[in-house]
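We will go from stop to stop.

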Amino acid sequence: MNNLSQTSGKMTNYRWVICAMLFFATTINYLDRQVLSLTWDEFIKPEFHWNEGHYGQITSVFSIFYAICMLFAGRFVEWMGTKKGFLWSIGVWSVGACLHAVCGIITEASVGLHSAAELAGATGDVAVVIATVSMYCFLVARCVLALGEAGNFPAAIKATAEYFPKKDRAFATSIFNAGASIGALFAPLSIPPLAKYFGWEMAFIIIGVLGFIWMGFWVFLYDKPAQNRRVGKSELEYIEQDKYEQTEDASEKKQGEEKVPFLKCFTYKQTWAFAAGKFMTDGVWWFFLFWTPSYLSTQFEIKMSEGLGRALIFTLYAIVTVLSIFGGKLPTIFINRSGQNPYAARMKAMLIFAFFPLLVLLAQPLGMQFAALGKNAAWIPVLLISIGCAAHQAWSANLFSTIGDMFPKGAIATVTGIGGMAGGAGSMILQFCAGALFVYAGDTNMQFFGFEGKPAGYFVIFCVCAVAYLIGWVIMKALVPKYRIIEI
C-alpha cells in the first residue's frame, strides 16, 4: 500500500535543477583534473625534464592523498551539511587547480634560473634538480586539488539522496556522473589550445576559475527540499515518497537523517562491498583519464595540440557520455518490469556492465594490425577504450546508488567517503605501477604477447583493467548476496 498523498498543485521539477548543478560541479572537477594529463607530455615534460616515472609518482600521490581525504570528506559533509560542504570542497580544489600555475616560478627561483627556456635548456645535474623540485611543487598543488575534490562525490551523492526517491537515484546519479565524461570530453578541445597559445600556466588558471563561478550559483540555488521555496508540495511528496512506503523493515522510516558513528560504518558488510567495488574499478577509470593522451603519443606519435589528438579524445568521451547515461536507467527498467528490489536490479545491471571492459583486451592487438595495414590505427583502441570507460561510468552510477538503497541518509556521505578512499588507494597502486612499468619497459625493451617496449607495458595494464570489474562484482556479491537495509 502506498500512502503517498495526491495533491492538485502543479508538480515542480526543481530536483533536476539540483541535478544539473551536480552535473556542472562534476564537469568542472574533471576539467581541473585533466589539465595536467593533457599538458604534461607536450608542454611540461620538456620544460622540467620529466619522464613517465615523475608523472606516475605525481598521479599516484594524488590518488592516495585523494583516498585519505575521501575517508574524512564524507564525515565533513555530514557535519557541515550538503550546501556548506560542497562550497568548501569546490573552493579548495579551485585554489589547488590555480596553484599549479606557480610551480614553474617556484622551480626557477629554487635553481636560480629565470625563464622556461633556461629550464628546458639545462643539462646534467641541474636538469635532475629541476625535475625533482618541479615534481614536488606539482605534488603540493596536486594534494590541495585532491583535498577539495575528495568532497565532490560525497556531497553529490548526499544531495541526490535528499532530492530523489530511491527508484530515480541511479538515473540521477548517472546524469551528474556524466559530468566526468563531459569534463573529459571538453578538456581536449579547450586545454591544449589554451596551453599552446597562452601557456600551460594559464590553462590551469582559466579552468580553475570555473569553480568559483559555480560557487556563486550554488549559494543561491541550494537548500534542502523541505526548506526550498522553489520545491512545490507535490514535488516534495514525490521526493519523500520512500517515507510512505510500507516495508517489512520499519526501521527505515525511523532512521531518516540519524547519524551513524564513523567506526561503526566499518562493521557492516555493505560498507566493505561498496569499498571493494571502488577499489577494484576506480583505478581503471583514472588510468585511462590520466594516461590515454600519453598512450596516443607513445604508441602513435599523436600530440594533443594537434587536431587528430583532440578529435580522438573528444570522440572517446563523447561515446562514454552517451552510453553511460543509459546505463543508469537500466536498473529502473528492471525494477519496473520485474518488481525487483533496488539492490538486486543494480547488481544485475552491474554484472552486465562488467563484461564490456573485456573489449579493452582487443585494443592493442587490433591497433597493431591496422597499423600494419597502413590504416589510421589509433581510432580502434580509442573506440574500444571508450566502450570500457562507458561501462565504468554506468557501473559507477549504480555502485554509488547501492549506498542510498541500504544506508540511512545520515550515513550516505560517510560511506561514500570510505568507498572513495578505497577507490583512491586502488588507483594509487595502479598509477604508480603503470609509471614504473612504462619506464622499465622502455629501458629494457620488454616483450609481452608480441609487443615490445612501452607498448608492451600498456598491454599489461590493459589486461588488468579488462578483468577488474568482474572480480569486483564477485567480491561484492559474496559480501552482500541479498538486499538488506542497515539497522542502527
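Leaving aside its neighbours within four places in sequence, which residues is Ser-60 in contact with? Select Ser-60 and look around: apart from those neighbours, Met-428, Gln-431 and Phe-432 are in contact with Ser-60. Contact here means heavy atoms within 4.5 Å.

Before moving on, note what you are looking at. This is a predicted model, in which local features need pLDDT of at least 70 and side-chain atom pairs count only at pLDDT 80 or more, while totals for chains, interfaces and linings use all residues. Residues are numbered from 1 along each chain as its sequence is written, and side-chain values use heavy atoms, with hydrogens and water left out.

**Stop 1: Ser-60**

Ser-60 sits in helix H2, residues 52–80. Helices (H or I, at least four residues) and strands (E, at least two) are DSSP runs, numbered from the N terminus. Ser-60 has a relative accessible area of 4%, so it is buried. Buried means under 20% relative accessible area, exposed means over 50%, and partly exposed is in between (1.4 Å probe, protein chains only). Now show the side chain. It reaches the backbone oxygen of Gln-57 at 3.0 Å.

**Stop 2: H1 and H7**

Select helix H1 (residues 14–48) and helix H7 (residues 152–163). They pack at an angle of about 170 degrees, and their axes are 10 Å apart. Axes are lines fitted to C-alpha atoms, for helices over the stretch in contact, and angles run from 0 to 180 degrees between N-to-C directions. H1 and H7 are therefore roughly antiparallel, a term for angles over 145 degrees.

Show the side chains between them. From H1 come residues including Tyr-14, Ile-18, Leu-22 and Tyr-30. From H7 come residues including Phe-153, Ala-156 and Tyr-163. By class, this contact of H1 with H7 has 9 nonpolar, 4 polar and 1 charged residues. Ala, Val, Leu, Ile, Met, Phe, Trp, Tyr, Cys and Pro count as nonpolar, Asp, Glu, Lys and Arg as charged, and the others, Gly among them, as polar.

**Stop 3: Gln-34**

Stay in H1 and select Gln-34. Is Gln-34 buried or exposed? Its relative accessibility is 1%, so Gln-34 counts as buried. Beyond its neighbours within four places in sequence, Gln-34 is in contact with residues including Ala-184, Leu-289, Phe-290 and Tyr-317.

**Stop 4: Ser-294**

Go to helix H12, residues 269–300, and pick Ser-294. Ser-294 is buried, at 0% relative accessible area. Trp-40, Asp-41 and Tyr-458 are in contact with Ser-294, leaving aside neighbours within four places in sequence.

**Stop 5: H4**

Select helix H4, residues 103–111. Its buried residues are Cys-103, Gly-104, Thr-107 and Glu-108. They cover an arc of only 135 degrees around the axis, which puts them on the same side of H4. The arc is that of the directions from the helix axis to the C-beta atoms. Turn to the face away from the buried side: it carries the exposed residues Ile-105 and Ala-109. The cover over the buried residues of H4 includes H1 and helix H9 (200–221).

**Stop 6: Phe-449**

Finish in the loop between S1 and strand S2 (451–452), where Phe-449 lies. Phe-449 has a positive phi of about 50 degrees although it is not a glycine. Phe-449 is exposed, with a relative accessible area of 68%.

Terms used: Angles under 35 degrees count as roughly parallel, over 145 as roughly antiparallel, 65 to 115 as roughly perpendicular and the rest as oblique. A polar contact is a pair of N or O atoms within 3.5 Å; within protein, one must be able to donate a hydrogen and the other to accept it, and residues adjacent in sequence count only if both atoms are side-chain atoms.
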